[in-house]
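Let's take a walk through this fold together, from single residues to the sheet and back again. Have the sequence and the coordinates open as you read.

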Amino acid sequence: MGILDHVSELFSFDHNHHSKKRRQLQTVEIKVKMDCEGCERRVKKAVKDMKGVNQVEVNPKHNKLTVTGYVEPKKVLKRVRNKTGKHAEFWPYVPYDVVYHPYVAGAYDKKAPPGYVRNVLDDPKVSNLARASSMEERYSTAFSDENPNACTVM
């Protein structure tokens, strides 16, 4: 019956299958510099009318725009750039506890909001600096309380 099932699936006329791929619900975070309330309104208005947008949040303190909906991230970024005329980029920051060495030159950013550093895990140039080598980890865990075989010097 395995072969017959396979052949029947090939020649079935099921009309429920759509040739279009359905978009997934996504949250797109974008960094856009907003100086005043007018900038906030302009940035929010640029993406509010896009097809598939469910929610738009603007955080002027962190210069952050968050769009939730069935949208493509590249299209949202392009729309913000074109409609506002401002420089925009995907949100480049992650919480500092995600990065092994958050204060390495490539990860630390003075413009980052408090508690955030640059996302160096995706950047191949800086990721070697932001990750501990196996030798560093071996020496740092030698005296760790979490290591049951650690050396105690007391």
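**A guided tour of the sheet and its surroundings**

Met34 counts as buried because its relative accessibility is 6%, where buried means under 20% relative accessible area, exposed over 50% and partly exposed in between, with a 1.4 Å probe and protein chains only. Before we go on, please keep in mind that this is a predicted model, in which local features need pLDDT of at least 70 and side-chain atom pairs count only at pLDDT 80 or more, while totals for chains, interfaces and linings use all residues. Residues are numbered from 1 along each chain as its sequence is written, and side-chain values use heavy atoms, with hydrogens and water left out.

Met34 sits in the loop between S1 and H2; helices (H or I, at least four residues) and strands (E, at least two) are DSSP runs numbered from the N terminus. Setting aside neighbours within four places in sequence, Met34 is in contact with residues including Cys39, Val43, Val58, Pro60 and Lys64, contact meaning heavy atoms within 4.5 Å. Val58 lies 24 residues away from Met34 along the chain, with 9.5 Å between their C-alpha atoms.

Now for the sheet itself. Four strands make up an open sheet, in the order S2-S3-S1-S4, with antiparallel pairing; two strands pair if DSSP finds at least two bridges between them. At the edges are S2 (53-59) and S4 (88-90), each of which pairs on one side only. From one strand to the next, the twist averages 25°. Helix H2 (residues 37-48) packs on this sheet, touching S1, S2 and S3 (64-69), and its direction makes about 165° with that of S2. Helix H3 (residues 73-84) also packs on the sheet, where it touches S1, S3 and S4, and its direction makes about 165° with that of S4. For these angles, axes are lines fitted to C-alpha atoms, for helices over the stretch in contact, and values run from 0 to 180 degrees between N-to-C directions.

Why is S3 largely enclosed by the rest of the structure? Six of its six residues are buried, so the strand is largely enclosed. Lys64, Thr66 and Thr68 point one way from S3, whereas Leu65, Val67 and Gly69 point the other way. Six bridges join S3 to S1, and Val28 stands opposite Val67 there. Six bridges also join S3 to S2, with Asn59 having Lys64 as its bridge partner. In the hairpin of S2 and S3, four residues lie between the strands, and Asn63 takes a positive phi near 55°.

On strand S2 we find Gln55, which counts as partly exposed because its relative accessibility is 40%. The side chains of Gln55 and Glu57 are joined by a polar contact of 2.9 Å, that is, a pair of N or O atoms within 3.5 Å; within protein, one must be able to donate a hydrogen and the other to accept it, and residues adjacent in sequence count only if both atoms are side-chain atoms.

Our last stop is Lys86, in the loop between H3 and S4. Lys86 is buried yet has no salt bridge, and the nearest side chain of opposite charge, Asp35, is 4.9 Å away. A salt bridge would need a side-chain nitrogen of Lys or Arg within 4 Å of a carboxyl oxygen of Asp or Glu; Lys and Arg count as positive and Asp and Glu as negative, while His and the chain ends are not counted. A polar atom of the Lys86 side chain does lie 3.2 Å from the backbone oxygen of Lys33.
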